[in-house]
Structures are given as C-alpha cells and as structure tokens.
Amino acid sequence: MLRISSRTLRILGLLSASALVLAGCGKSSSSSSAAAGGGATTTYKLAFVGPLTGPYAALGLNIKQGAEVAADDANNAGGKIKIQVVPFDTQGSGAQATTLKDNFINDNGFLGAVGPTFSGETKAILKDFETAHMPMISASATATDIPSTVPGGKSFHRLVPDDSIQGTGVADYVTKKLKAKNVFYINDKSDYGKGLADDTKKVLEAANVHTSGTDQVTPGERNYLQAVNNVKAATPKPDIVFYGGYYSDAGNLAKQLKDGGAPGVFMSGDGSLDQGLIDSAGANGADGALITCACKLATPEAGGALGAFATKYKAKFNKNAGTYSTEGYDAATILIKGIKAGNTTRQKLLDYTNSLGTYTGIGKTIEFEANGNIKAGDVYVYEVKSGKLTELGTVASLTS
Amino acid sequence: MPARHPPSREGCTIHACFHCLTDQFWAQAFDGLTVGAIYALIALGYTLVYGVLRLINFAHSEVFMVGVFASLFAAHALGIHTGDPAKTGFALVFAIVVMMLAAMAASGLTAVVMERVAYRPLRRRKSPRLAALITAIGISLFLQEIFALRYGRDLLPFPRVMEKHQVVNFHGADIRTDKLLILVSALILMVALERFVAKSRLGRGIRATAQSPETAALMGVNIERVVVLTFLLGGLLAGAAGALHGLFYEGAQFNIGFVPGIAAFTAAVLGGIGNIRGALLGGLVLGLVENFGGVLFGGQWHAVFAFVILVVVLLFRPTGLMGESLGSSRA
C-alpha cells in the first residue's frame, strides 16, 4: 500500500511539475510586429512600466488598465495602425525597473512608455529613456526633483503636479476651507507614507497649523488601537488626523479611530484614494474621510468622456476605475494619437509629445512645460460619503 | 498653548514619552489585553503541537487565516452582508455562535488534514525535524496562495456583525462590547482547554505522550490519535481566534495570519513553549508590552519592544516565563 501510494505521489508530482512548465510556456507572449492575416495593419507597442504585483500592485494595475482601455478605443476606431500595451512589472522598485528596462529600451518596436508609476523607478531609468529618445508619460510620479535628475531632458512628462504644488494645495484647503488649527500626523513608515506625512506637516506648520502629535503604524498589522489611544490623549485636540500611507491600512485606521471615538476628521493623500479604503473600513467606517489627490477619479456617474471611460473600464475589468486610471488613459491616448498621426519612430513621437500644445484629456486639460511638468496644478478633494468616494471639487474652487 | 503633547519622533533620536504612558495607562492596558487574548488563543496551538511533537507548526498562522475566512462565509451564509445594520439581541448571539463554530470547525479540519498530509508521512519515515519545518513553510505558502487565487489579494470587506458600544470609560480605557467579547470568550476557551488536558482521559494521553512518546506507547496510548487530537485542539482554538479577529478587525485577507501568527509564536516562547498556562500568560504579557512600548517610544517601536522583552526574558529564563513542558506540568 505504502509503495503504491508513494509512487502515485511521485507521478502526481511529476505531472504537476510538467503542468507548471507547460503553463509557463503557454504564457510567454508572442511579440507581434505585424498582425497576422489582418491585411496591411501594423502594430506598434507602448510599454507600461510600473508595479503589477507586490504591495503597490493596485496602483500600477489602475494605470495599466486605463492605458489598455485607451488602446482598445484606438484599435476599435479602425485604421491601419494597431496599438498594443505591453506591461513590465517593476513591483514598484527602482532596482527591478533597472533590470527590466532593456526589454523595452532595446526593442525598437516600443515607441513610448506609460509610466514609470513611482518617482523612485522614474529616477532610476530616466537617463535610459533620454538616450533612446523615447517619450515617457508618467501618470503618477510626483517627486519635485525628477526633471532635474536629467537636466535639459526631453523624454520626461507627467500628468500630475509635483509634490510641492500638491502640498500647497493641501495647505490651502486645510487652512482656508477646514480652518483647522491642530493636526495629528500618522504614517506607515514607508518612503511614500512618511514622506507625505512629513511634507504635509512641514507645509502646514509653515502655515501656522499646530501639530498635536505624531505616530507611526505598521502596514499590514491590523491592530492600530495604540495609535487610536494616542490620538485621543493628544492635546490640543486635533481637528484633523492626517495619515500618510496606502488605502488598506488607511481604511482600517479610519474605522478604528471612529469606533474608538477619537477626535478629528480623517484625511489622507493619493495612496488612500481607492475603493479598497471603503472595503477595509466597512460600509460606513470611513464616512467623512477627506482625501486629496492630483488625480481625477473616473466614475460612471461623472458623465461625458470621463463617465464613458469609467463605464468601459468597469465592463472590461469588472472593477471600478481607480486612482490614476484616468491619467493612465490620457497618457496612453496622447502617445497613441501621435502614432496614428504618423509619428512612427521614437524621435518623431518624442517631438510630437513635446510640441503637444494644449490637449483636452478626459480628466483635465493637459499642457506640458519645457521640463515635462504639467502646467495646471489642480488638486482635487474627495470625501467618503455613505461608503462612496465623492469628488468635492478642486482646492481652488473650494477655497475661492 | 498647552505643552503636553507627545514629542515629535523624527530621525534616529528616541524620546521616551513617560507622561504618555501615565496618561494612557488604562487605555493601552485594556487594548493590550484584548489583543493579547487573541495572541494567546493562537499561541496555544503552537504550544500544544510543540509539547507533543517537538515541532513548530509554522503553518499554524494559516490555520488561523482559514478561521477568519470561515467566519466571514458563515456571516454571509446567515445573510449578513456588508452595509447591513448590526445585529442585536438573540440574532446577534446566534450569529456570533454560528461564526465561531464555523471558524472552529474549518480551522480544526485544516489542522487535522495538515497533520495527515504534511507531517505524518514525514514522521512515519523518521525524517529529521528540519524536513518538517520546510514542509510547514511549504504548506503555509500553499494555503496562502490558494486563498489569494480564489478570493483575490485584496482585503475582503467584513460586515459589521456587532455594534461597538462603549460599556464604560475606565480612566480613558474604552471598554467596549466587542473587546469584552474577545476577553471573555478567550478566557473561557483557555480554561476549558486547560481543564481538558489536566483532567480528561484524552488529556492524560496528551501529557503522557509529551513526557515520553515511547513509554506512553508501551502503556497503551495510541500516539497517532493523540497527535491528531493535539492538532485538532490547536486548530479549534485558532479558529475561535479567527472568528474573534474577524468580528473585531472586520477584514479577511490571504496573509491575515502572518502578523498575529508571528506574535503568537513569540507569545508561546515568551511564556515557555509547550506550556499551556505559559501560552496564556505569554499572549497577555506580549499584548501589554507591545502597547506600553509603543506608547513610550512611538508606534514604530511597537514590535521592536516586544522582541527586546523576549530576548531579555530568555536571557534570564531560557525556558520562558513559566518554563515547563506540557508533559511535566501538573501530572
């Protein structure tokens, strides 16, 4: 009996191992330079560079899927030119981006890139885009110093204002609209979360907003009672609890603060702008939370091109468009329009992008400055209302 | 402007905020005990298996995770969905009991199957303990990925089953219904387990096997049955912990077992691994120490402080606070 069962086990093991290998083979994508049997159509590739697995996967997926909807729109519109978005998973790390970059930099089939998603990975490989004369449009990288990493560079573009502009926007909203006097800052110890909380604190302190206290929490750990007690004990009583971190922990923290009867309005940044915030907070756990983001969130109710995009996105991925999905769509569409206009080499597409002028995206009006930054510095404010992320408007419109 | 606010904890300098500790002593103590009770329930699973097999079942955190998911599905089966109003009265008691039982059954079954599939074949072949350790890591990853693939990697929303009413405010401690539920049910379960192992015939078998498997076998104890029973008991308690965790934190995710699993293992070692009362004490002490350390030095030291205490305790009491094995305790 034992012999048989162990042999069966071995055979099973072999079978499953070979199944894995076969599955791996099946997955390897065939790179297409010309569509087979489709007449005289030509396929051009855009690289999506950003995290698709790991803790930041959700953000990367939002952008990638936004770009894929853009490619669908372009391909469904007909014409001889087809667009393919090929994803490169950096897991959000600059080191991983550096390892992957040769796959698209050295392949002339790639004319441009949507991404990289984060500032760190953008800085890590921006030089390579530059030497390849390849245009890149990031939907989400916000570090203020990116353009200065390659002085006089032409490749870099982004669709969101940088951190310093966002910081000023948040400060305006907090001081002029909320009229808050005291803020308690919590962050999740990550580069992003700590940076956001510390920068916000710096900006708000400069605007004479007092700091009630600071604390840190461990992402993924669900027990935030200690921070809740800290907020409750803080004097003076905070008007706002500002959290620097990502949506899953933000939702949990917001809920525990509310359940614990802690004072202050919960406020956070772009990393928290996701349906996942509400999932982790429970139905009404995050109600009243305010989130600022330079991104324009697409919801089916928005109407117009933005609403149409949200509907298509939902239909394709069975998931609501998230943070930066809109920017992912706009970034890809700018490049696609350039390609369709006949700019089918990297240099031509780069020149096209740099002389774009004023472009009406589905989210906002886009115009690049010489260094690749976006001209409009709009920061949007969202509020969680009965379990839904609702846009209140831009900081400028809310404070005027 | 009042001067008493927690100092900023930037950079490498560590400020101990003693008035924070005195201000928040009762609040942090009560919350620490609540979380510690969950740690203790999970820690019992580590301790029981170690006591009998001298094996650290690192997949125990996934037994707990299965319990969290099972309690969520039980809630769904009862027709409680996200956004529904919280239950009250008899419906609430019924929902909690069903969720607890479902979680205990699922976790108990997982633990027993795990023993049968992952550990028993190795034990039969008298393979070294290191092999069992690797299997433990393997089965842990296997279970995590199964749940991640089936239910996604994002947090699943959990309905609010019970309203979180404050019962009383004791010197700032937010004594709430859900925290009391955790403390009371954890204590009942732990006392029940302790009585079972100390008094019942099966419990005597567990203690005999822990003392000396060979002698126990010669005396007619069915070792295999004792081992299965041990895994089952650990699984049941982990399942109960899973349901309580679900009710309290309201979320289920494939990796939800990792943090409490590590903490519970630490608690088991702190209290003296292989010792049932040690696991209880270790869990509660760890919950308290984490919170007190965190409030003294800032939340980023939450876990660090717990491990510092562990190292210090082991320096002076290498076998943990209670320091006995399962077998020699209360013959």
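User: Which residues of H12(A) and H13(A) meet?
Analyst: From H12(A) there are A:Ile334, A:Leu335, A:Gly338 and A:Ile339, and they meet A:Leu349, A:Tyr352 and A:Thr353 of H13(A). Contact here is C-beta atoms, placed from the backbone, within 7 Å. Helices are DSSP runs (H or I, at least four residues; strands are E, at least two), numbered from the N terminus. This is a predicted model: local features need pLDDT of at least 70, side-chain atom pairs count only at pLDDT 80 or more, and totals for chains, interfaces and linings use all residues. Residues are numbered from 1 along each chain as its sequence is written, with chains lettered from A and ligands numbered from 1 in the order in which they are written.

User: OK, switching to A:Gly112. Buried or exposed?
Analyst: A:Gly112 is buried, because 29 other C-beta atoms lie within 10 Å. The cut-offs, with C-beta atoms placed from the backbone, are 20 or more within 10 Å for buried, 12 or fewer for exposed, and partly exposed in between.

User: Where is A:Gly112 found, and what is it in contact with?
Analyst: A:Gly112 is in strand S3 (residues 110-114) of chain A. Leaving aside neighbours within four places in sequence, its contacts are A:Leu46, A:Met134, A:Pro135, A:Met136, A:Leu335 and A:Leu349.

User: Now the chains. How many residues does each give to the contact?
Analyst: Chain B gives 35 residues and chain A gives 33 residues.

User: Which helix gives the most on the chain B side?
Analyst: H2(B), with four residues.

How values were computed
Two residues are in contact if their C-beta atoms, placed from the backbone, lie within 7 Å.
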